[in-house]
Amino acid sequence: MDAFRNKLDGKLAALLFFEPSTRTHESFRVAALNLGMDICGFADPKASSVAKGESLMDTVKMFVGYGVDVIIMRHGKAGAVRYIAERVNIPVINAGDDSNEHPTQALLDTYTIHEAFGKIDGLKVGMIGDLRYGRTVPSLAYALSNFDVEMHFIAPPALMLREHVRMFLEERGADFHEHDVSSLSSILPELDVLYVTRIQKERIPDEMEYEKVRRSYTVTRELLKNAKESLIVMHPLPRVDEIRSEVDGTKHALYFRQASNGMYVRMALLYSILKEG
Ligand code: NCD
């Protein structure tokens, strides 16, 4: 990492987070600081003029006018980041747009899988939880469709992959299978990676629907007794109650390592976008 310290000295990043974030915001911020960059922006739109009704485009234009070199943006509307990227002449990084995509999370997830196994081809990857409203699984699945990976999507029927994600994977010829959440224990012994996600309570339109699916899966030490020795358990975090803390001390638990990889991967991304020459 020292080799990259201050390599982007003098560059300025705008972090525009219109939705809450801990890891993504802070890891981008620390990544930029490690590279010697300056940062501006906000993590809480309530504290910016957005709260006064300012339009997204006006907010962004202002930062472009300050001479920022890159915009890192999270937004609660699917497609909002693309909308901005198509209208400004500086790089825009998607740090999550509603239930749509979270591409930098997919980069750090695939990096973490590669770091653990020294490869990605040939692995069996299970993704469990809220595959409908969560954005990390679609992005990870898009990334994994570039490799020879067997994907297993495990969810309650109401939280299964959305049709456009399924169609994308079919068009790519990806090897994927869908299972009801009740089959977790029978699929688990085959898997190399179990990627767990939380149910996106804030995005589920109906509280009753949330109550029906909450706690429909929990990763426990007991469950992992049937797993491969080499199974890794991942989670983009934050977790709520889908992985018991008793799992944290097992050799399978990789989610905190995964989170710290986020900082390095985001450093690499910023460097590759902004380096001169
Ligand atoms: C995820 C997100 O924001 O989509 N968190 C993250 O970026 N690490 C996952 C989530 O909120 O469930």
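**Close-up views of a predicted model**

View 1. The bridge partner of Phe153 in E7 is Glu178. This pair belongs to a predicted model. Strand E6, residues 150–155, is joined to E7 in the parallel sense, and six bridges link the two strands. E7 itself spans residues 175–180 and is an edge strand, pairing on one side only.

**View 2. The open sheet that holds E6 and E7.** Five strands make up this open sheet, with parallel pairing and the order E7-E6-E5-E8-E9. Its edges are E7 and E9, each of which pairs on one side only. On average, neighbouring strands are turned by 20° against each other, direction ignored.

**View 3. The four-stranded sheet.** A further open sheet is built from four strands in the order E2-E1-E3-E4, and its pairing is parallel. Strand E2 (38–42) and strand E4 (92–97) are the edge strands, each with pairing on one side only. From one strand to the next, the twist averages 15°.

**View 4. Strands E3 and E4.** E3 covers residues 70–75 and pairs with E4 in the parallel sense over four bridges.

View 5. Asp98 is placed in the loop between E4 and helix H4 (103–117). Its phi is positive, about 45°, although Asp98 is not a glycine.

View 6. The ligand sits in the largest pocket. Around the ligand are Arg23, Thr24, Arg74, His102, Gln105, Arg135, Thr136, Arg198, Gln200, Pro236, Leu237 and Pro238.

**View 7. Polar groups at the ligand.** An N or O atom in the side chain of Gln200 is 2.8 Å from an oxygen atom of the ligand. A polar side-chain atom of Arg74 lies 3.3 Å from a ligand oxygen atom. Leu237 takes part through its backbone: one of its polar backbone atoms is 3.0 Å from a nitrogen atom of the ligand. On its own the ligand has 320 Å² of accessible area, and the protein covers 93% of this.

**View 8. The cis peptide bond between Leu237 and Pro238.** Leu237 and Pro238 are joined by a cis peptide bond with omega of about 5°. Both residues are among those around the ligand. Pro238 lies in the loop between strand E9 (232–234) and helix H10 (255–274). E9 is also an edge strand of the five-stranded sheet.

Definitions and conventions. Residues numbered from 1 in each chain as written. Predicted model: local features only at pLDDT ≥ 70, side-chain atom pairs only at ≥ 80, totals over all residues. Heavy atoms only, no water. Pairing = 2+ DSSP bridges. Axes fitted to C-alpha atoms, helices over the stretch in contact; angles between N-to-C directions. Near = heavy atom within 4 Å. Polar contact = N/O pair within 3.5 Å; in protein donor to acceptor, adjacent residues only side chain to side chain. Areas by Shrake-Rupley, 256 points an atom, 1.4 Å probe, with all protein chains shown as cover. 1 Å grid on protein atoms, 1.4 Å probe; cavity = no way out; pocket = protein on both sides within 12 Å on 5 of 7 lines; lining within 4 Å. Sits in = over half its atoms within 2 Å of the grid points.
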